[in-house]
Amino acid sequence: MSVDPCTNTGEDFDALPDHEFRARFRRWLEQHCPADVRRPAHRLRGQRAREWFRLLYRHGWRAPAWPREHGGMGLSIPKLIIYDEELDRAQISRTVDMGETHLGPTLMKLGTEEQRRLYLPSILNCEHWWCQGYSEPNSGSDLASLKTRAEKEGDDFIINGQKIWSSFAAEATHVFLLVRTSTEAVKQRGITFILAEMSTPGITVKPIINLAGDDDFCEVFYDNVRVPARNVVGRVGEGWAVSRSLLGMERLFIGSPRNSQIAMRALHSLGEVLGISGERAFATAWAELSLELHAVQCLYRETARVLGQGLNPENELSMLKIAATEHFQRVTEAMMDLAGEYGPIGEVPVGSDSVDIRQLYMLARPATIYGGSSEIQRNILSRRMLKLPND
Ligand SMILES: Cc1cc2nc3c(=O)[nH]c(=O)nc-3n(C[C@H](O)[C@H](O)[C@H](O)COP(=O)(O)OP(=O)(O)OC[C@H]3O[C@@H](n4cnc5c(N)ncnc54)[C@H](O)[C@@H]3O)c2cc1C
């Protein structure tokens, strides 16, 4: 049987020269990527997202940041950036897979051997699909004030409480959540990181319809939910440190310039469609936004490089989160302004796809909230960099 020359056969991609790695992945995407995955302004979710990830997995292109010993591609940061650039070039939809980006790396770092064996392969083949249960109705920015309780009973914990804004919880098979296992003077203590199956009796999921009309996130109620104690990741009471251990990668992911690039392409198309590309006002706005995008890209590369050295560039990550998400918003606001009365209904052709300006605008709004709001990032920077006092 002949081997598909574009298929990764388990080789060490980091040993490849950058241009060769880029060419290989580009060729694979051209040959294998289904048309409905090439819709940059759309979020791929549910069954379709899983099918796409399974295709990547079968061909060895899944989990680019995971070490090869755990079934990933083991890419270094420069290669990861190339991987991301090629997804962008091929106009691939952005897909959230919290098992891959959040839980997997946490288990590699802090999980037990049994947890790694049980969960990592099921993340890779998408048998398990994870959501994150951190936020509560009165604990978002001040997450350490969370109140969902977990009480020990024999070899189990019994969980009671409510989470909110759990993205894609309605389609998830599992959840990793933060629960309070004791009340201590310092509220960050006594929090535990635990894993649960969404089908466990006592878990009720209620989708919330957002302003764009989508049911991306949910309220999740926990009513006497029994979870084995072996599902605790890290030590009981030390879940705060477990959840913080991956914050850097999360902010880097959110700080990727990809959303802005998609919006810039749509803005460009809008200029063409409206016949205003050559006008001074459009050209000025375009030039300003392009320069800002360049700055975000530089900050992204530099932050990724430092993170790749095993350091934790917290200030840069906060700056990147602010810069990338606020730029994304500025581009979509410019699109709305230019589209005028057509903005709320307008579809703009972008390559073989079309972009609903209103949809893109809506996608940009929450980006300055999730993963730590802009205000909170500015507070962090004012304390760490400017040495200003707390509140
Ligand atoms: C699209 C989306 C997806 C999400 N997905 C998930 C998920 O999968 N799992 C999950 O657990 N959570 C999720 N979240 C929740 C998210 O983490 C919280 O919304 C976020 O932490 C903010 O918390 P909050 O909504 O309670 O707002 P609050 O903390 O109540 O803040 C309200 C406003 O006050 C500001 N503010 C708060 N404190 C301060 C302060 N000290 N100084 C200055 N300003 C302040 C904030 O910046 C914000 O503008 C998601 C949110 C969104 C929008």
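A crossing of two helices is called left-handed if the near helix is turned anticlockwise from the far one by less than a right angle, and right-handed if it is turned clockwise. Helices here are DSSP runs (H or I, at least four residues), numbered from the N terminus. The model is predicted, so that local features need pLDDT of at least 70 and side-chain atom pairs count only at pLDDT 80 or more, while totals for chains, interfaces and linings use all residues. Residues are numbered from 1 along each chain as its sequence is written, and side-chain values use heavy atoms, with hydrogens and water left out.

**View 1. Helix H10 (residues 314-339) beside helix H12 (residues 374-384).** The two axes, which are lines fitted to C-alpha atoms over the stretch in contact, with angles running from 0 to 180 degrees between N-to-C directions, come within 9 Å and cross at roughly 145 degrees. H10 passes H12 in a left-handed crossing.

**View 2. Helix H1 meeting helix H2.** The axes of H1 and H2 lie 12 Å apart at an angle of about 130 degrees, and H1 passes H2 in a right-handed crossing. Trp-28, Leu-29 and His-32 in H1 meet Trp-52, Leu-55 and Leu-56 in H2.

View 3. Because 10 of its 13 residues are buried, H3 is largely enclosed by the rest of the structure; buried means under 20% relative accessible area, with a 1.4 Å probe and protein chains only. The buried residues of H3 pack against H1, H2, H8 and H9. Just after H3, Gln-91 takes a positive phi of about 60 degrees.

Terms used. Buried means under 20% relative accessible area, exposed over 50%, partly exposed in between (1.4 Å probe, protein chains only). Helices (H or I, at least four residues) and strands (E, at least two) are DSSP runs, numbered from the N terminus. Contact means heavy atoms within 4.5 Å.
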